[in-house]
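Visitor: I am new to this structure. Could you walk me through a few of its features?

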Amino acid sequence: MIRLWLSFLILCFSVQAFGQNKVSGTVKSSSDQSPLYDISVSITESGETVKTDRIGYFQFNDVANGDFTLNIDSRNYGRYEERFTVNNEDLDLGEIFLQFDPKSSMAGVITLTSDELASDESSAQSSMGLLQSSQDVFAQAAAYELGAYWFRTRGYDNKYSDVLFNGVRMNKVDNNRVDYGNWGGLNDVTRNPAEVIYGLDPSDYAFGDLAGSMYIDTRPSTQRAGTSFSYSLTNRSYRQRLMLTHNTGLMKNGWGIMVSGSRRWAEEGRIDGTMYDAWGYYLGVEKKFNENHTLNLTAFGAPYRRSTNSPNTQEIYDLMGTGYNAYWGYQNGDKRSERVKKNFEPVTQLTHHWNFGESSKLITTISYQFGKMGASRLNWFNAKNPTPIHYSRFPSYYLGTGKSDADIALLEDKWRSDSSFSQINWEDLYRANLYNVNYGDGSAAYNLVSDVNEDKVLSFSTNLRTQLFEGFTLYSGLNYQNTKSEIYREIDDLLGAQFAWNKDDFADIGLSGEYDENTPDRHVLEGEKFEYNAEYSHEFMEAWISGDWTLNSFNLRLSSKISRTTMEREGFFDHYLYSNSIGKSDQEEFTNYGGKLQLLYQIDGRNFIKLNGGYFTKAPTINEVYPQGRYNNFTLPDLQSAVIKSADINYILRAPRIKARATAFYTKTEDEIETSFGYLNLSFDDSNENLFTAEVLSGVDKQYLGAELAVEGQLSTALTASAVASIGQYTYANNPDLYYFSDDLENGYDYFGKSYLKDYKLASSPQKGYSLGLEYRSPQYWWLGLTGNYLTENYVDVSPSKRTTRFALDDDGFPYEIDDAGNIITQEMLRDVLRQEKFSSEFMLNLNAGKSFRFGEYWAMIGLTVNNLLNNKDYRTGGFEQLRLADYKFETEGNGGQNGKIFGNRYWYDQGTSYFLNLIVRF
């Protein structure tokens, strides 16, 4: 007996000495305390997953000593995450109560499409995709409620957020933004990311960016096992969606296979003349060789075609309604759009997970992405502009020209009643080309072209996590990315013509006008490249390291990075105007660095104080380095990286019935570059002073200052209330330098002085947003929620050219005289013209409802989300001042000044009530 006890004690001591412990707990519903069966419970660091039994119990055996993260992924409940520490003894986590969450079960209710995230004419994109997956109280409310109305948290541009698939960054090198369309429709794969970081919070997988990051682990073992089918009906950019997903999970033989596919489509979206046709596919094959090594093959892609809608002046909206879209017209009785985006950029990745030692893990991924993205538009040669919204067709154009009120009224009636006038007249375009075929040289007066990007991206990422000693964990990573991006214009459709000329019809007399001097008088056929053709080479290398210290009630996280970015352009066409259009440019090099700090103080188990701070630099993007990269190698003088300084302080409450966060934040960005394109009237008196230009601001400083408050309280086991407030002030912080890059400038570009933008508001998002909601979640698994949203302090995007000293000077450099007495422009008159337009404040009401069912092994859910329940169509989601008005006299006199209508601001409007009905079946 004594020997038996000694053997047992030795065995226990051996187990404890090697840190092999048991971790267990019980999962229950918070509404009725019933156990939850068949719920996936996992440990993030080891990747091990178990299921709860009939009484909700789970257990992990042989858990090493160290700090770990428990994740619970359920069908009808929100994700649960808890940190725990194992130290030479078994750990019972007790009862874990999950709260029923329709947002979790309504996977993909708020779907992400490129046109919902950004407009062609605006650089603003939402970070809604990142925020939707966040566990942060404020971030979720901002995404699901305020985010539906183009609200951007803290006013940040999408270029400040990162999305990583298995460690590989998916942001585009031309503008540093994320194209969510690359995995559109794959909600079953992406809806539960391994990590979502909000703001400056530290990441375990990357250094992170200003607005945060999202890490998606595509292993089948980390996804829900089983089969899922969903059908959606909506009146948004598409009308219907189908998704089908099957996942074996990790089988006994160590293999796991997951496939997912989807289609979203609409013959016409909620705006006239828009269509949508998108597919998505995903394949994940995982092999777990042993407890230390796992290999995962991932392949996904999402080919799509969709048409976009035009921004318009208020005059046109008043004539045609806020749903008017100038980009389409009838052809043989069917609607055809000139603006169609096509994209297919599939991704293939191979990822190795290596667990070594007691608490160390290395994740390494090799990735390759290739594909083609194109955007079509009408093009013309020695012909008039075919767009219906050319200013010469506006009724206001004829004010003061001798036209009678009756004549103008007839024109307005023609806009409303004659679609061949108010929309693109495709028959006229074909007719013009047919005339050239029969009586001319057969060339195209009109053709449909596409501006194309063909990218080839090779990436490598490795990420190490190791606990060096108790209370200290080290995170580090290396990233490499090599991108070859070919850009060109190609002929999509000759519209009945035989060929198109590769020439510029605006070339001055005496110049050849050849877009490629090496192939003069070239006839371009459908599918061939013309006008411009170049390739960018972009290389990025980064190393980062982060240390996490925990001591009593304090946690300190320090992170740092260093990176090197190189890029160059090689042109393949010898443009008639530029000697530097063909061949390779000089290589541009940028070395960047940065550091972040987070200090977390745990007052007690429910109250926390968190301080974040960051200072880092970012290299400019390709589009910023080469403003006219389609045609030449010109760059801005004294290129430098942008500098970002940011800090926030947070109070966090995590109580059983209430969650809250209060935050104050400050961000300053310096030395940024902004580029916009348009036609400028620089002089009222001299038509030679007009040019088509890339308007480039250099050395732009911006300031973001504000506060966030979010409270979510459980009033009862079934009733939850939430309140969110975001109060910000986002402004230009200096007067940057203004450059024009244009064919009409002798040296390709010129410096036009300072643009006086300081204290103007940053645009494209309401600077203040408020949300108040109430949601009932029945123990019988149905829910009903209503949320009121108030958005205010939204401004139009200002034109830098109007804020220069040249704006108010005549051709001799003197202030304009505005009347016969010789009075000059006063400060009051300038303020009136240069005042930034502020949009009206608006109230929006959202509703969500649904019910889930259980039929043996089958689970089903039907849910409905309705945004803008009150059908408010007065809400302007964004707008911009046209570049055209770069001269005070041109804006205030002549056709350009007719009530500010012709070249007035252009806007986008919310289209009123939208709904999303979703049906999901899982087994």
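Visitor: Which residue meets Arg 263 in a salt bridge?
Guide: This is a predicted model, where local features need pLDDT of at least 70, side-chain atom pairs count only at pLDDT 80 or more, and totals for chains, interfaces and linings use all residues. Residues are numbered from 1 along each chain as its sequence is written, and side-chain values use heavy atoms, with hydrogens and water left out. A salt bridge puts a side-chain nitrogen of Lys or Arg within 4 Å of a carboxyl oxygen of Asp or Glu. Here the N to O distance is 3.0 Å, and the partner of Arg 263 is Asp 277.

Visitor: How many residues apart are Arg 263 and Asp 277?
Guide: Strands (E, at least two residues) and helices (H or I, at least four) are DSSP runs, numbered from the N terminus. Arg 263 sits in strand β14 (residues 255-266) and Asp 277 in strand β15 (residues 276-288). The pair links distant parts of the chain, and the separation is 14 residues.

Visitor: Are Arg 263 and Asp 277 buried, partly exposed or exposed?
Guide: Buried means under 20% relative accessible area, exposed over 50%, and partly exposed in between (1.4 Å probe, protein chains only). Arg 263 has 26%. Asp 277 has 22%.

Visitor: What separates Asp 428 and Arg 431 along their helix?
Guide: These two form a salt bridge, with the closest N and O atoms 2.4 Å apart. Both belong to helix α10 (residues 426-439). They are three residues apart, so the separation is about one helical turn.

Visitor: Are Asp 832 and Arg 835 buried or exposed?
Guide: Their side chains also meet in a salt bridge, at 3.2 Å from N to O. Asp 832 has 52% relative accessibility, and Arg 835 has 54%. Over 50% is the cut-off, so Asp 832 and Arg 835 are exposed.

Visitor: Which residues do salt bridges join into one network?
Guide: The structure holds 44 salt bridges. Some share partners, and these join Lys 159, Glu 624, Glu 672, Glu 674 and Lys 702.

Visitor: Where is Tyr 781 found?
Guide: Tyr 781 has a positive phi of about 65°, although it is not a glycine. At 26% relative accessibility, it is partly exposed. Its place is the loop between β39 (768-777) and β40 (782-792).

Visitor: How far apart are the end C-alpha atoms of helix α8?
Guide: Helix α8 (residues 405-417) has 13 residues. The expected span is 1.5 Å times one less than the number of residues. That gives 18 Å, and the distance between the end C-alpha atoms agrees: 18 Å.

Visitor: Which residues of α8 are buried, and what arc do they cover?
Guide: The buried residues are Ile 408, Leu 411 and Trp 415. The arc is taken from the directions from the helix axis to the C-beta atoms. They lie on the same side of α8, because their arc is only 55°.

Visitor: Which exposed residues does the face of α8 turned away from its buried side carry?
Guide: That face carries three names. They are Leu 410, Arg 416 and Ser 417.
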